[in-house]
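User: Hey, can you walk me through the side-chain contacts in this one? I'm new to this.
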Amino acid sequence: MKFDKTPIIHDCNCLENANEDSHNHFLRRVYSNTPNDTDFHTYAELGKIPKDNCKDKCSYNGVSINLTTELTYQLIIKKYKENIQARKKINAQISIPEYCFRFKMRETAGKIIQSGNEVTHFTFYKADDFTVDNSIENLEVTHLL
Amino acid sequence: MFEIKRNIIETDLPVIVSNYKVLLFDEMPILFAGTNLYGNRILASIIDEDFTNKVTRFLYSIVDEKNYINFISGKITYFEILNIVKNKFFVDETFAGDIFVFPISYDDIPVKYLPSEDSFCPEAENELSLNFGVSLKGKRQMFIKRKLLI
């Protein structure tokens, strides 16, 4: 598994303590019921420039995902739905992913590391040859509206 | 992204330097608060993201303490706040981190970008629902308890 497309990942040692995980279920908010590679774009791939520190640089070159279990899945879906309803009251215009994608990663997909305040939140570093079709096992897509 | 018919000004009034607090997060901070260099309370929300021009637009309001507390405690809405406060700004932040500030009035906000009339602080709504069982007082509490027991 290579991570050479984004040298910052090596320069900032983002993969230290990161692991593969092809067993657990993860969630990511996506824009349609057929998730594709653009749903897994990093902030850096979207053109956003991190501040000049490795914490931000690592974060901008990874993808946010949430670990879930059968027990927590419905609770997280409920929370997502509440957030969307609250957000629409503040700003109904901004485009935010309104589907929830539950998936498993194949062994070569990339590496993950826990990040942020929530214990279920992980940063996923995609391997160079990552594609949704080849690297992800689609378990379920839920429309949150 | 819509056009702003106002001139850019140089000011640090709508720059949060402390007490940053996210009031609603949905994939990104949607509504947040903080204080500026001069200790003014700021309430802000995201307006739009433009990936072609690589800029994110925010709406910042300088809010007095009374209105801020009324909002946080769920007594008034964000919609009302925008009507009440005089000092409002669109802040365009490029993906590279450059900031452009436009002082605006209420009428400069396109109608479709206005919050809804029931845009209460999400945190206040959550707290009200969590505390519902213990927050009722007096006759109304007795009435609801009786209804629950029936």
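Analyst: We'll go through charged pairs, then a surface patch, then rings. Keep in mind that this is a predicted model.

User: How many salt bridges are there over all chains?
Analyst: The search of the whole structure gives 15.

User: Which residue does Asp52(A) form a salt bridge with?
Analyst: Lys57(A). Their closest N and O atoms are 2.9 Å apart.

User: Is Asp52(A) buried or exposed?
Analyst: Exposed. Its relative accessible area is 70%, and over 50% counts as exposed.

User: What about Lys89(A), what does it form a salt bridge with?
Analyst: Asp118(B), with the closest N and O atoms 3.7 Å apart. That pair crosses between chains. Lys89(A) is in helix H3 of chain A, and Asp118(B) is in the loop between strand S6 and helix H3 of chain B. Lys89(A) is partly exposed at 25% relative accessible area. Asp118(B) is partly exposed too, at 35%.

User: And where do Glu65(B) and Arg41(B) lie?
Analyst: Their side chains meet in a salt bridge, 2.7 Å from N to O. Glu65(B) lies in helix H1 of chain B and Arg41(B) in strand S3 of chain B, so the pair ties together parts 24 residues apart in sequence.

User: Which residues do shared partners join into one network?
Analyst: Arg29(A), Arg87(A), Lys88(A) and Glu98(A), together with Asp26(B) and Glu27(B).

User: New topic. Which residues make the nonpolar surface patch of about 380 Å²?
Analyst: Val15(B), Val17(B), Leu37(B) and Tyr38(B). Val15(B) sits in the segment before strand S1 of chain B. Val15(B) is partly exposed, at 32% relative accessibility.

User: Last one. Which ring does the charged end of Arg29(A) sit over?
Analyst: The ring of Tyr80(A), 4.9 Å from its centre. Likewise, the charged end of Lys48(A) sits over the ring of Tyr43(A), at 4.4 Å from the ring centre.

Note on methods: Residues are numbered from 1 along each chain as its sequence is written. Chains are lettered from A and ligands numbered from 1 in the order in which they are written. This is a predicted model: local features need pLDDT of at least 70, side-chain atom pairs count only at pLDDT 80 or more; totals for chains, interfaces and linings use all residues. Side-chain values use heavy atoms; hydrogens and water are left out. A salt bridge is a side-chain nitrogen of Lys or Arg within 4 Å of a carboxyl oxygen of Asp or Glu. Buried means under 20% relative accessible area, exposed over 50%, partly exposed in between (1.4 Å probe, protein chains only). Helices (H or I, at least four residues) and strands (E, at least two) are DSSP runs, numbered from the N terminus. Patches are made of residues with over 30% relative accessible area and no salt bridge: like charges are joined within 9 Å, nonpolar side chains (Val, Leu, Ile, Met, Phe, Trp, Tyr) within 5 Å. Accessible areas come from the Shrake-Rupley method with a 1.4 Å probe; for residues, only the protein chains shown count as cover. A charge sits over a ring if NZ of Lys or CZ of Arg is within 6 Å of the ring centre and within 35 degrees of the ring normal.
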